[in-house]
Amino acid sequence: EFEPLIQKPYTIVYLHSAASLQPQPDLGFMKRIQQILGRKHQRNLHGIYILHPTLGLRTAILGMQLLIDGEVWKKVVYVDRLVQLFRYVPREQLTIPDFVFQHDLEVNGGRGMIVDPRTKHIYQR
């Protein structure tokens with residue numbers, strides 16, 4: 001399934017929202033991502049956007065940059081707010097679960113954005 005997608009530029013978005021409520025990605029998971037995004041798949045990778053990163057996740061990615069071929073991990077962009085993510089990836093291209101919107105509102109207090117509850121579209125104030 002992945003092969004046809006990587007023939008043209010692509011972006012990965014990882015939603016780490018409310019991760020303290022879920023299992024954290026471990027080093028084995030990160031190594032598997034590294035293997036999947038091997039040299040063949042890195043060519044068209046535009047970036048990896050991580051929403052709501054924790055200190056633990058940032059540390060794990062820093063370790064990946066230092067210990068393993070860091071080319072993939074140098075394309076990581078940390079994003080603390082949904083409105084920032086939408087500057088990089090158009091909202092229409094993403095399916096975002098409700099808990100991510102809720103987490104963003106709790107963490108950021110809704111500063112600078114208005115969420116349409118029907119469509120889940122976010123607008124800047």
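This report walks through the sheet, the cores and a few single residues of a predicted model.

## Ground rules

The model is predicted, so local features need pLDDT of at least 70 and side-chain atom pairs count only at pLDDT 80 or more, while totals for chains, interfaces and linings use all residues. Residues are numbered from 1 along each chain as its sequence is written, and side-chain values use heavy atoms, with hydrogens and water left out.

## The sheet

Let's start with the strands. Three of them make an open sheet in the order 1-2-3, with parallel pairing. Here strands (E, at least two residues) and helices (H or I, at least four) are DSSP runs, numbered from the N terminus, and two strands pair if DSSP finds at least two bridges between them. At the edges sit strand 1 (10–15) and strand 3 (76–79), each pairing on one side only. From one strand to the next, the twist averages 20 degrees. Axes are lines fitted to C-alpha atoms, for helices over the stretch in contact, and angles run from 0 to 180 degrees between N-to-C directions.

Strand 2 (residues 45–51) is joined to strand 3 by four bridges. Y49, for example, has V77 in strand 3 as its bridge partner. Helix 4 (residues 55–67) packs on the sheet and touches strand 1, strand 2 and strand 3; contact means heavy atoms within 4.5 Å. The direction of helix 4 makes about 170 degrees with that of strand 3.

## The cores

Which residues are in the largest nonpolar core? There are 12, among them I6, L37, I48, L57, V72 and W73. A nonpolar core is a set of buried Ala, Val, Leu, Ile, Met, Phe, Trp, Tyr and Cys residues joined through side-chain atoms within 4.5 Å. Buried means under 20% relative accessible area, exposed over 50%, and partly exposed in between (1.4 Å probe, protein chains only).

Strand 2 and helix 4 each supply at least two residues of this core. Not counting residues up to four places away in sequence, V72 touches Q34, L37, Q42, L45 and I48. A second, separate core has 11 residues, including Y49, V79, L94 and F101.

## Two spots to look up

Find R58: it lies over the face of Y78, 4.5 Å from the ring centre. The rule is that NZ of Lys or CZ of Arg is within 6 Å of the ring centre and within 35 degrees of the ring normal.

Now try I36 in helix 2 (residues 27–36). I36 is partly exposed, with a relative accessible area of 48%. Leaving aside neighbours within four places in sequence, I36 is in contact with F2 and H41. I36 and F2 are 34 residues apart in sequence, and 9.4 Å apart in space, C-alpha to C-alpha.
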